[in-house]
Amino acid sequence: MVSGAGGGGNDVQWCFSQVKGAIDDDVAEADIISTVEFNHSGELLATGDKGGRVVIFQQETENKSQPQCRSEYNVYSTFQSHEPEFDYLKSLEIEEKINKIRWLPQKNAAQFLLSTNDKTIKLWKISERDKRPEGYNLKEEDGRYRDATTITTLRVPVFRPMDLMVEASPRRVFANAHTYHINSISVNSDNETYLSADDLRINLWHLEITDRSFNIVDIKPANMEELTEVITAAEFHPHQCNTFVYSSSKGTIRLCDMRASALCDKHSKLFEEPEDPSNRSFFSEIISSISDVKFSHNGRYMMTRDYLSVKIWDLNMENRPVETYQVHEYLRSKLCSLYENDCIFDKFECCWNGNDSVVMTGSYNNFFRMLDRTQRRDVTLEASRESCKPRQVLKPRRVCAGGKRKKDEISVDSLDFNKKILHTAWHPQENIIAVATTNNLYIFQEKVN
Amino acid sequence: MDVEAKRIMAVSIGKLYSLRTQRGGLRLHRSLLLSMTMRAARDIYHTAQLLRDAEEEQVVPCAPDAATEEPMEISKDSPQTLTPKEVAVKPQETLEEDKENRCASERHSRKRRGKTAVEPDFLPLKKAKMDTDEEKQHLQGEVLRTNNGNSCRQAETLSAFPTNRAIVAC
């Protein structure tokens, strides 16, 4: 069984591990999960929701004497990151929904993450407190001052262990730099700067400086009526601190080098695949819009997600992707209905496994897809309360596009389009995945014999 | 096809309106995609409408004017006799014709949007003119970018026989 490097999507059998969140079918809007992210070691897993809250889960230290007991993720910290705000000047409400969370690499005992809503990014410090000072001379243990006349001896206060307390405190607030809605944040490999991207602009920040940022991309036209495309996602290269990419609603990706000029409006590389004319329809523009872009861990490739497919691009080849995977091609004939019910605007994310051999993305009916690049195989799995027995192996699912439906297949018309998996994350080293349904977080692990 | 286009147009407009009342402010990305889809549907719909109008006009006999009937016949055969008259047309007429041609060209350039978009051969005159008059093609190419919906609508109210108008004006 492949382990450690997190490889082998289809040699791996996936088992249910845990599910977090309410069981009710009646979903409170504030509980809708809007982002999921493992930290760099995989020990911590953060989720953000529409109510502006961040919940962090921590992996239990593995019990080495009992390898069958896989480590579980338990709640580590919960805090309110963003509150709803009102922009009085524009008479606009600013949603508290957490759009993205990005962890900073750990430098000391504390953990740091960036969380953002539509307008404001915040740097949070998550630290542990497991001891407290006891034995003050002037104060009682509960903090009340002692009567000075009763003090007859002096003692040195000492630290004594206490129940672990995890504190989250906002260390920086990066505000007022975005006119449009922030869709991405990305920490640079230099560990000093990060970028934030909205529909038309990308800004570069220093983690220590909150009162200014540098605009590095601006695609706003002089006349807004001439607007033809917007920025949909942006990310820094994992190793080259001068390189970042941003994707557009027209299905293009631009790679920019910050050494070339201060304003990176002019791209260094433009990745674009010519459209297949036979697939042209009213909705071609919408489905070609890229909803997510992610560099591979090794920095040689990047992956893009549009409505129907996942594409892997070699950074050295701009004219077409090196691999294309259909996520749910059976939806191509349903685009009109999906337009009417707004599903065609859903923004699916995608992620790489630790050694870049498998990629994962979500779909409808709480299905998610694992696409194995090395074995050229793919599998569809489901996050469902019905497969929630401990260590229950997930059975591959099949969708019947048309014609006679085989046993165990589900027909396209039976798919529940309200059950969508937009956010998924893969542990950076192990075969552990976190899959977010509307308001539940499923954790699946590789089956261990 | 135009029924589909009309429906998409209506749905798009409805969605664009509801965007304004959504919490969190106007979503630029979504409104851009909606308006692009709406415009594509609108173009197909107008193209189909003109097709229907042209078909109706062809079915109904033309006004008993040899001059007006002449261009139709001529265009089927050869449009050379029209060319000198077109060139002699006053600039205002040229502008109006250009608006129509502009729309037609746009429909040409936009017909790629719909799989079943109809080749506008319902306007044989326009086609003929565009084939022979390179200068007009050049002008059309220049003004294509600046079209707004209004000029299309104006074209609809204008006669489907611009050449007639040219001749009448002369």
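Predicted model: local features only at pLDDT ≥ 70, side-chain atom pairs only at ≥ 80, totals over all residues.
View 1. Asp356(A) sits in the loop that runs between E24 and E25 of chain A. Its phi is near 65 degrees, a positive value in a residue other than glycine. Most residues other than glycine have a negative phi.

View 2. Asp342(A) is partly exposed, and its relative accessible area is 27%.

**View 3. The open sheet E24-E25-E26-E27 of chain A**. Four strands make up this sheet, and their pairing is antiparallel. Strand E24 (350–352) and strand E27 (377–382) stand at the edges. Each has a single partner strand, so one side of each is left without a neighbour in the sheet. On average, neighbouring strands are turned by 20 degrees against each other, direction ignored.

**View 4. The pairing of E25 with E26 in chain A**. Strand E25 covers residues 358–362, and strand E26 covers residues 367–372. Five bridges join the two strands in the antiparallel sense. Gly362(A) stands opposite Phe368(A), which lies in E26(A).

View 5. Over all chains, the structure holds zero disulfides. Cys15(A) counts as buried, at 2% relative accessibility. Cys241(A) is partly exposed, with a relative accessible area of 38%.

**View 6. The second largest pocket, with lining residues from chains A and B**. About 1,500 Å³ of space lies in this pocket. It is lined by 45 residues. The closest to its centre are Lys97(A), Phe345(A), Lys347(A), Leu422(A) and Arg30(B). Elements giving two or more residues to the lining are strand E2 (33–38) and strand E16 (231–236) of chain A, together with helix H2 (28–59) of chain B. H2(B) gives the most, with four residues. By class, the lining divides into 15 nonpolar, 14 polar and 16 charged residues.

**View 7. The largest cavity, lined by residues of chain A**. The whole structure has six cavities of 30 Å³ or more. The largest has a volume of about 70 Å³. Its lining includes Lys100(A), Arg102(A), Asn183(A), Glu235(A), Asp292(A) and Lys294(A). Ser184(A), Ile185(A), Ala233(A), Ala234(A) and Val293(A) also line the cavity. Strand E8 (100–103), strand E12 (184–187), E16 and strand E20 (292–295) of chain A each supply at least two lining residues. The lining of the largest cavity has four nonpolar, two polar and five charged residues.

**View 8. The helices of chain B**. Chain B has nine helices and zero strands. Read along the sequence, its pattern is α-α-α-α-α-α-α-α-α. Of its 170 residues, 45% count as buried.

Note on methods. Residues numbered from 1 in each chain as written. Chains lettered and ligands numbered in written order. Heavy atoms only, no water. Pairing = 2+ DSSP bridges. Axes fitted to C-alpha atoms, helices over the stretch in contact; angles between N-to-C directions. Disulfide = S-S within 2.5 Å. Buried < 20%, exposed > 50% of the residue type's maximum accessible area, 1.4 Å probe, protein only. 1 Å grid on protein atoms, 1.4 Å probe; cavity = no way out; pocket = protein on both sides within 12 Å on 5 of 7 lines; lining within 4 Å. Points joined across faces, edges and corners; volume = space filled by probe spheres on them. Nonpolar A, V, L, I, M, F, W, Y, C, P; charged D, E, K, R; others polar.
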